[in-house]
Amino acid sequence: MSQTTETKETPYKPTSPNSKLDFASVWEYAPAPESSDHVEIKDQYQLFIDGKFVKPSKGRYFKSTNPATTEVITEFAEATQNDVDKAVKAARKAFKGEWSSLAPKTRGKYLYRIARMLQERSREFSVLESMDGGKPIRESRDVDVPLAAAHFFYYAGWADKLDYAFPGKTPEPLGVCGQIIPWNFPLLMLAWKIAPALACGNTVVLKPAETTSLTALKFAELVKDAGVPAGVINIVTGAGQTGAEIVNHKDIDKIAFTGSTGVGKLIQKSLAGTDKKFTLELGGKGALIVFEDAPIDQAVEGIINAIFFNQGHVCCAGSRLLVQEGVADLVTQKLKDRMETLIVGDPLDKNTDIGAINSSQQFETINSYLEIGVDEGADVYQSKCSIPENGYFIRPTLLANVAQSNRVVQEEIFGPVLTVQTFRTADEAIDKANNTPFGLAGGVWTDKGSKIFKVGAGLRSGVVWANTYNKFDPTSPFGGYKESGVGREGGLHGLSAYVKLK
Ligand code: ADP
């Protein structure tokens, strides 16, 4: 466990008469660490190709660290062109052979089996997810792993009902799908990608992100134990170059990518002129619109969840607060009060609200945005909590006094940093909310249903939550407008991305 620095010298005092919480005395919690004794982490992991763990052709490996301690926890194989080619060949062989001709009901049974095994091993998966990626155990245990299992359950149900999903048409699988996923929800993004692909009869070559490959390889062990036919699921590890080998492989029928808008644009360029299908789920800069008639305490909880969930490493994070002028001071003060109660620290401690920033690189990116904010004239407010001495941690942060044109308002920071702006009318809120290159998600808090409909219709965002935020469900489609991506994942829409309709 990490050590903590003592920064209790100035106990926080609420400054507004509207503040109800009393922080005059320091709150302390006894540590409640989740045990990691039951998890096995090997010293080295191989590639998972054609149902076997195989060494990388060039014999190269890269190290993976625990971002909360900066200790190396294991190393992963670096897949090169030759390895990606082997994985694609295995996936093609499985597609032409057993898998696509299997009775849909039997395909569904494999998916159900995977879902149940994920549930059975959920403790192991959640601890590994938190150790490898830095997210609080409460989130990996209560969100990531259960939702990953839920996706397999949901798509298992569709496997033998595709004719009902596309009435009047004959759905056919696409073939071999190349899938590239990011580091913010490693197991969950894997489930988003693999479950619908398999339900529709495709085979896959998946690449997890280089800083968070551990649960994907544990998942490969589970796939073996579940007896999924060899070659149906192949997992290759590596960095951007390995991803590019997948994108450019001639025998891949579809690319599914979740990651940054920059890499998404590169992928789209590489795919131009080919007949590969693709879905891209990219960045976001979600707006949280709070009206004067909103249930304010509920809105404050929603904002806290929208920006600080998973350290703000969420593409649909609500990272821009737009608050109506009449309640701006009240909401800001309540937000600051609530931020003081957030515990930043050891991801394996069950009390922790905000864990470690995923990597040194992301830590530097977020800090550089804080500097940009200061240079742009923002007022920076950070909670005064103690943070561990080692590892990559950032206190929850508000940037007030910002302008619409500021980089911190326009660009995705992907960290626990919220900008605060005000508005007077609903139209102004909608204009400001839409005025970024992104359009993935947004939230609105108001007592009036009519305002919810007006704002919901006005926002150019794939998802709009009303009086809540970050609610996910496998039955519900997810995806972006503008530079936030192309295509939808989840729900019925998620199936159509993996079939040809005749
Ligand atoms: P982030 O900025 O969130 O780290 P990236 O878009 O860089 O997100 O990474 C998301 C995934 O895309 C990772 O698995 C990464 O290895 C992969 N990736 C990075 N560069 C490329 C590329 N040029 N082609 C294909 N995949 C890539």
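**Reading the ligand shell, the sheet and the domains**

Visitor: How many residues surround the ligand, and which are the closest?

Guide: In this predicted model, 16 residues surround the ligand, and the closest are Gly-240, Gly-243, Gly-259, Ser-260 and Val-263.

Visitor: Which helices supply at least two residues of that shell, and which gives the most?

Guide: Helix 8 (240-248) and helix 9 (261-271) each supply at least two residues, and helix 8 gives the most, with four residues. Sorted by class, the shell around the ligand has ten nonpolar, four polar and two charged residues.

Visitor: Turning to the strands, what is the order in the open sheet?

Guide: The open sheet has three strands in the order 1-5-4, and their pairing is mixed. Strand 1 (44-45) and strand 4 (61-66) stand at the edges with a single partner strand each, so one side of each is left without a neighbour in the sheet.

Visitor: How many bridges join strand 4 and strand 5?

Guide: Strand 4 pairs with strand 5 (residues 71-77) over six bridges, in the antiparallel sense; as an example to look up, Ser-64 has Thr-74 in strand 5 as its bridge partner.

Visitor: Which domains does the assignment give, and how many residues of each are in contact?

Guide: The domain assignment of the chain gives domain 1 (44-282 + 484-501) and domain 2 (284-466), whose C-alpha centres lie 30 Å apart. Across the boundary, 18 residues of domain 1 are in contact with 26 residues of domain 2. On the side of domain 1 that touches domain 2, the elements giving two or more residues are helix 3 (122-133) and helix 4 (137-158), and the residues of that side divide into six nonpolar, eight polar and four charged.

Note on methods
Residues are numbered from 1 along each chain as its sequence is written. This is a predicted model: local features need pLDDT of at least 70, side-chain atom pairs count only at pLDDT 80 or more; totals for chains, interfaces and linings use all residues. A residue is near a molecule or strand if its C-beta atom, placed from the backbone, lies within 6 Å of it. Ala, Val, Leu, Ile, Met, Phe, Trp, Tyr, Cys and Pro count as nonpolar, Asp, Glu, Lys and Arg as charged, and the others, Gly among them, as polar. Two strands pair if DSSP finds at least two bridges between them. Domain bounds come from an automatic or database domain assignment. Two residues are in contact if their C-beta atoms, placed from the backbone, lie within 7 Å.
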